[in-house]
Amino acid sequence: MMAALIFVASLATLWMFFVSYCRSLMAASSRHPLSAEVRDVTGIRAVASAGDYRRVVQLLQLCPERQEDRTGLQAVNIYHSFLTAARQMFAWIVPSLRSWAEHEQACCAYFAAVALDRRIAHSREMLAEQDNL
Amino acid sequence: MPGPVDLTIWFLGTAFELLFVVCSVARKSFLRYFFLNLYLLSSTTVSIGRFLILWSCGQGSDKYMYFYYYSDALLTLTLFCALISLYSRVFGELRAGEYVKWGAVFLLLGTAGFSYAVVAQSAERLSTSFAYELSQNLYFVGLVLTYILWGAVLKLRETRTQLVQIILSLGLYFSGYAASYALVNFSGKFIIIRYICPALGCFLPLSWSLTMLRYTEESRLVPAHLVAVPR
């Protein structure tokens, strides 16, 4: 009984820390302005929307990977999946959950767009280096 | 002798611990996060020591068992010091360093006293049981302290990205550890559970290293974005 109680409590704190960790990753890139090119290609104007995430991820898969953003993207991807599941399962019980989850998914989309921006810049740098050689 | 999966996790964990130390030296943050480095360096030393004893005496030997439990208690104490050093950094601007120090000593003595009181009831192998009990209780205290520290970070609107992510990684580590301990207690027969604790041991230094690699001491984040419900 005690073990079950500790298990449930620690799962709750694990979830809380995981959400905060993902939010801190997203908060760190929220000040990064998107380039005009990424805005055009993703269709994101001033703010991202929840529906942008999948499209941005598809674009990300077309770019060469950067080691630095891989784990961050994986964590945010898991977070996005949890949000999708929570929206589908509980939004009819708690209507405010829908708008909260949509806001969070929009933040995930912006984070992915910043990663896309960095990958494009990184690819450009690599090409420039190759040209110099 | 542990299997190939155990050994892989073990070596990876040790490599990540060294990676963090290298990263913090490269970022010129070794002294800034001295206790974190001390913990990971101690952990690396203990890992090498454990491996040598395991190699020469075997997993079932008394020597390995004693070394394992005593070094574990020592590592938990060092991790506790690392956590307190994070408290000092968060509360540094409030000049509450003295209070934090005394609070930590009081908490440590209290936990040691409680552990002794629990162990004193059983007569056999008092010192080993005490080391084990102290280690477990300090992990629980660590989880609670990290939770409180996170509350303080939100309240004080902390903006230092490195510090925030180091604290969050520690929170994830402690919560994961507590969950896996509880899981072992009621369903220890599943083999996968055996790998969760060592894998978590890899997660903490890896996550800290990534934080060091990604962000500089000057990196800042928007504190309002950290709270789950926008204010």
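Me: What pLDDT does chain A average, and how many of the residues score at least 70?

Reply: Chain A averages 88, and 99% of the residues reach at least 70. On this scale, pLDDT is the predictor's confidence in each residue, from 0 to 100. This is a predicted model, in which local features need pLDDT of at least 70 and side-chain atom pairs count only at 80 or more, while totals for chains, interfaces and linings use all residues. Residues are numbered from 1 along each chain as its sequence is written, chains are lettered from A and ligands numbered from 1 in the order in which they are written, and side-chain values use heavy atoms, leaving out hydrogens and water.

Me: Why is α3(A) called roughly parallel to α5(A)?

Reply: Helix α3 (residues 52-62) of chain A and helix α5 (residues 95-132) of chain A pack at about 20°, with axes 8 Å apart. That angle makes α3(A) roughly parallel to α5(A), because angles under 35 degrees count as roughly parallel, over 145 as roughly antiparallel, 65 to 115 as roughly perpendicular and the rest as oblique. (Axes are lines fitted to C-alpha atoms, for helices over the stretch in contact, and angles run from 0 to 180 degrees between N-to-C directions.)

Me: What residues does α3(A) bring to its meeting with α5(A)?

Reply: Asp52(A), Tyr53(A), Val56(A), Leu59(A) and Leu60(A) of α3(A) meet residues of α5(A) including Gln105(A), Cys108(A) and Arg119(A). Contact here means heavy atoms within 4.5 Å. (Ala, Val, Leu, Ile, Met, Phe, Trp, Tyr, Cys and Pro count as nonpolar, Asp, Glu, Lys and Arg as charged, and the others, Gly among them, as polar.)

Me: What makes α3(A) roughly antiparallel to α4(A)?

Reply: α3(A) and helix α4 (residues 67-90) of chain A pack at about 150°, with axes 12 Å apart. That is the angle that makes α3(A) roughly antiparallel to α4(A). Tyr53(A), Arg54(A) and Leu60(A) of α3(A) make this contact with Leu73(A), Val76(A), Asn77(A) and His80(A) of α4(A). These residues divide into four nonpolar, two polar and one charged.

Me: Why is α2(B) described as it is relative to α3(B)?

Reply: The axes of helix α2 (residues 34-57) of chain B and helix α3 (residues 62-90) of chain B come within 9 Å and cross at roughly 170°. That makes α2(B) roughly antiparallel to α3(B). Their contact has 16 nonpolar, six polar and three charged residues.

Me: What area is buried between chain A and chain B?

Reply: It is about 2,500 Å², and carbon and sulfur atoms give 70% of it. Buried area is the accessible area (1.4 Å probe) that two parts lose on being put together, summed over both. In chain A, Phe17(A), Tyr21(A) and Arg23(A) lose the most area to chain B, together 26% of what that side buries. The contact joins 26 residues of chain A with 32 residues of chain B.

Me: What ipTM and pTM does the predictor give the complex?

Reply: The ipTM is 0.83 and the pTM is 0.87.

Key:
Helix = DSSP H or I, 4+ residues; strand = E, 2+ residues; numbered from the N terminus.
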